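Here are a few friendly notes to read alongside the model. Take them one at a time and look for each feature as you go.

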Amino acid sequence: MKKKETLQVAIIPLIAVILINALIPFFTGSKMPLIVLSGSMTPMMMPGDMIIEESVDPDELQIGDVIVFHPPDSDKTDALVTHRIISLEEGEERTFQTKGDANNAEDDFKVPASNVVGKLIFVIPFAGYLPEISKHKNIFLFTVILPAGLIILDEIRNMLLYSNPVKARKVEKERKKIARRTSYSVKGKRLATFVLISGLIFAGIVVNNLGENGSLVLGKENTIKNPGTLSRVYVITPDDYGKRTDINFWYGVITSSNETQVYETQAIAPEGVITPSTWNQMNETKVIAPENTPATISTVPYILPVFWIISLAEINPYLPAAVEIGFYTFLSTLLLFPLWHRKSVIGKKKKKIKIRRLVAQWKRTLQLV
């Protein structure tokens with residue numbers, strides 16, 4: 001067995017195991033995808049995004065967590081809301097006071113632990129639009145029916161072909177010949193050049209639009225500005241995680257200088273859940289916090305989803321910038337795949353030419369000797 005085939009045999013089961021482990025929680029119900037319908041949690045999640053929630057023990061939840069729950073006293077039994085915990089109360093049954101990040105007021109009810117469905121763990125931008133897009137006949141035809149039809153036709157062709165043992169042997173023999181004549185090569189120098197150039201370009205873009213990063217001590221009022229050319233996301237993480245909700249506007253999006261944007265949001269929510277009609281994005285924001293609150297701040301260009309940036313900033317304030325550079329360097333290099341990866345098939349004519357050249361070289365060598 002060739003090295004390439006051995007590698008394939010080793011990798012395919014590994015990929016299968018990873019996929020099975022990733023999909024099992026969705027079949028068992030411990031994880032569930034949901035589509036964002038309202039703007040109450042903007043800009044962390046936008047209408048049309050898909051979120052992944054994971055089942056959680058309510059006793060493990062803490063202030064600052066984003067939870068998915070059934071609103072109490074709602075007429076719709078299947079209604080679900082995703083809001084952040086801003087306070088909690090212990091008792092016979094734990095209860096949570098929740099609020100949408102974009103809302104000016106907290107929800108006018110308290111969520112009992114029995115109503116909690118799960119905890120937000122991931123956001124996939126724009127994925128919520130896919131089911132809606134698939135309803136359009138033309139898009140459904142080209143993205144589902146046509147590919148499925150081609151796969152079925154190919155399988156029928158293979159069944160007819162392999163039903164004849166003589167033809168099947170000939171086809172397999174020819175495929176093996178082509179496989180032996182096929183070679184794949186990576187142009188290492190060209191690949192390294194693309195990675196280096198792309199990395200420098202995106203590093204320059206990110207670094208030129210970075211704001212304050214690292215440790216700081218918050219005052220009562222803290223002004224965050226954006227003099228750069230790109231919109232920025234800022235994330236303030238207090239040393240005491242439980243005090244995060246005490247900071248008004250602990251994360252947000254600020255536009256470039258001399259620019260202000262107002263986004264209209266469509267509110268679809270159960271009774272008692274407040275949703276905003278607009279979301280303001282400005283080039284300057286004021287953060288109100290308890291005085292002398294130690295925290296870390298991460299301010300990076302808005303070229304990744306806000307949820308991703310928040311999750312990375314919680315690990316390290318400099319990590320979002322590093323991931324942005326790496327992510328877009330990888331994407332640009334992948335788009336240039338045909339320029340640094342080559343597939344070549346040596347035909348019979350090329351083989352004969354190579355043999356003639358080798359014979360000619362041997363003759364010249366023998367004559368010299």
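1. Seven strands make up an open sheet, ordered E1-E2-E7-E3-E4-E5-E6, with antiparallel pairing. Strand E1 (31-35) and strand E6 (110-112) are at the edges with a single partner strand each, so one side of each has no neighbour in the sheet. On average, neighbouring strands here are turned by 50° against each other, direction ignored; the axes behind such angles are lines fitted to C-alpha atoms.

2. A word on terms: helices (H or I, at least four residues) and strands (E, at least two) are DSSP runs numbered from the N terminus, and two strands pair if DSSP finds at least two bridges between them. This is a predicted model, where local features need pLDDT of at least 70 and side-chain atom pairs count only at pLDDT 80 or more, while totals for chains, interfaces and linings use all residues. Residues are numbered from 1 along each chain as its sequence is written, and side-chain values use heavy atoms, leaving out hydrogens and water.

3. Now look at strand E2 (residues 50-54), which pairs with strand E7 (residues 116-124) in the antiparallel sense over five bridges. Glu-53 stands opposite Leu-120 in E7.

4. Ser-332 lies in helix H7. Is Ser-332 buried or exposed? Ser-332 is buried, with a relative accessible area of 15% (buried is under 20%, exposed over 50%, partly exposed in between, with a 1.4 Å probe and protein chains only). Leaving aside residues up to four places away in sequence, Ser-332 touches Ser-198 and Phe-202 (contact means heavy atoms within 4.5 Å).

5. Leu-334 also belongs to helix H7 (residues 319-335), and is partly exposed at 44% relative accessible area.

Definitions and conventions. Axes fitted to C-alpha atoms, helices over the stretch in contact; angles between N-to-C directions.
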